[in-house]
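Here's a quick briefing to read alongside the structure. Have the sequence and the model open, and we'll go through them topic by topic.

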Amino acid sequence: MSNLTGSYSISMDPKGRMAIPARIRESLESTGAARLWITAHMYERCLLVYSEEEWQPVLAKIQALPAGNEHVRRIQRRFIGQAVNLEMDANGRLLVPPTLRDFAHLDKKLMLVCLGNKMELWNEDSWNAFMDQPLEGDMPADLQNLSF
């Protein structure tokens, strides 16, 4: 799953089913990733989608954080406590649980944003508003000299 890129406008039916685009589905199936993990994003009102292979190391890192810290407990509750393991049906659809749909304000129009090793699932209006926001504040020093 580490080579997924691009953004896809997709739809969700009234039951909460969304179809994974064919290109993404083929890439997932070629790596044996028919099951996906979906959870709440830590900082934005969207969902994170991981293949099993990508999920396990991230889960281990979050579980290894010191639970005595209030911020860590909050992260664990949101990230791990909201996580659901889903399997695509024969038509390449996922059924997104109501609690996660409510968290990310998902309705009929969605954006699936591929970020290499994971995907984000956004309400389309929220995604467009997010993309229209200018970056505020100074760029962190370690990011100022990035070149591509």
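In which strand does Leu-110 lie? Leu-110 sits in strand β7; strands here are DSSP runs of E with at least two residues, helices are runs of H or I with at least four residues, and both are numbered from the N terminus. Keep in mind that this is a predicted model, where local features need pLDDT of at least 70 and side-chain atom pairs count only at pLDDT 80 or more, while totals for chains, interfaces and linings use all residues. Residues are numbered from 1 along each chain as its sequence is written, and side-chain values use heavy atoms, with hydrogens and water left out.

- Leu-110 is buried, with a relative accessible area of 0% (buried means under 20%, exposed over 50%, and partly exposed in between, using a 1.4 Å probe and protein chains only).
- Setting aside neighbours within four places in sequence, Leu-110 is in contact with Tyr-8, Ser-9, Ile-10, Met-12, Met-18, Leu-121, Trp-122, Asn-123 and Glu-124, where contact means heavy atoms within 4.5 Å.
- Take Glu-124 from that list: Leu-110 and Glu-124 are 14 residues apart in sequence and 4.5 Å apart in space, C-alpha to C-alpha.
- Over in strand β3 (residues 35–40) you'll find Ile-38, which is buried too, at a relative accessible area of 2%.
- Beyond its neighbours within four places in sequence, Ile-38 is in contact with residues including Leu-47, Val-49, Val-84, Leu-100 and Leu-121.
- Ile-38 and Lys-118 are 80 residues apart in sequence, yet 9.9 Å apart from C-alpha to C-alpha.

**How α2 and α3 pack**

- Two packed helices are described by the angle between their axes and the distance between the axes.
- For helix α2 (residues 52–63) and helix α3 (residues 70–79), the axes come within 10 Å and cross at roughly 150°; axes are lines fitted to C-alpha atoms, for helices over the stretch in contact, with angles from 0 to 180 degrees between N-to-C directions.
- That makes α2 roughly antiparallel to α3 (over 145 degrees counts as roughly antiparallel, under 35 as roughly parallel, 65 to 115 as roughly perpendicular and the rest as oblique).
- On the α2 side, Trp-55, Val-58, Ile-62 and Gln-63 meet Ile-75, Gln-76 and Phe-79 of α3.
- Sorted by class, this α2–α3 contact has five nonpolar, two polar and no charged residues (Ala, Val, Leu, Ile, Met, Phe, Trp, Tyr, Cys and Pro count as nonpolar, Asp, Glu, Lys and Arg as charged, and the others, Gly among them, as polar).

**Cysteines**

- How many disulfides are there? The count comes to zero, taking a disulfide as a pair of cysteine sulfur atoms within 2.5 Å.
- Cys-46 is in no disulfide, and the nearest cysteine sulfur, that of Cys-114, is 13 Å away, too far for a bond.
- Cys-46 is buried at 0% relative accessible area, and Cys-114 is buried at 7%.

**Partly exposed spots**

- His-105 has a positive phi of about 55° although it is not a glycine.
- You'll find His-105 in the loop between α4 (98–103) and β7 (109–116), and at 47% relative accessibility His-105 counts as partly exposed.
- Met-131 is in helix α5 (residues 124–132) and counts as partly exposed, with 48% relative accessibility.
- Met-131 and Phe-79 are 52 residues apart in sequence and 23 Å apart in space, C-alpha to C-alpha.
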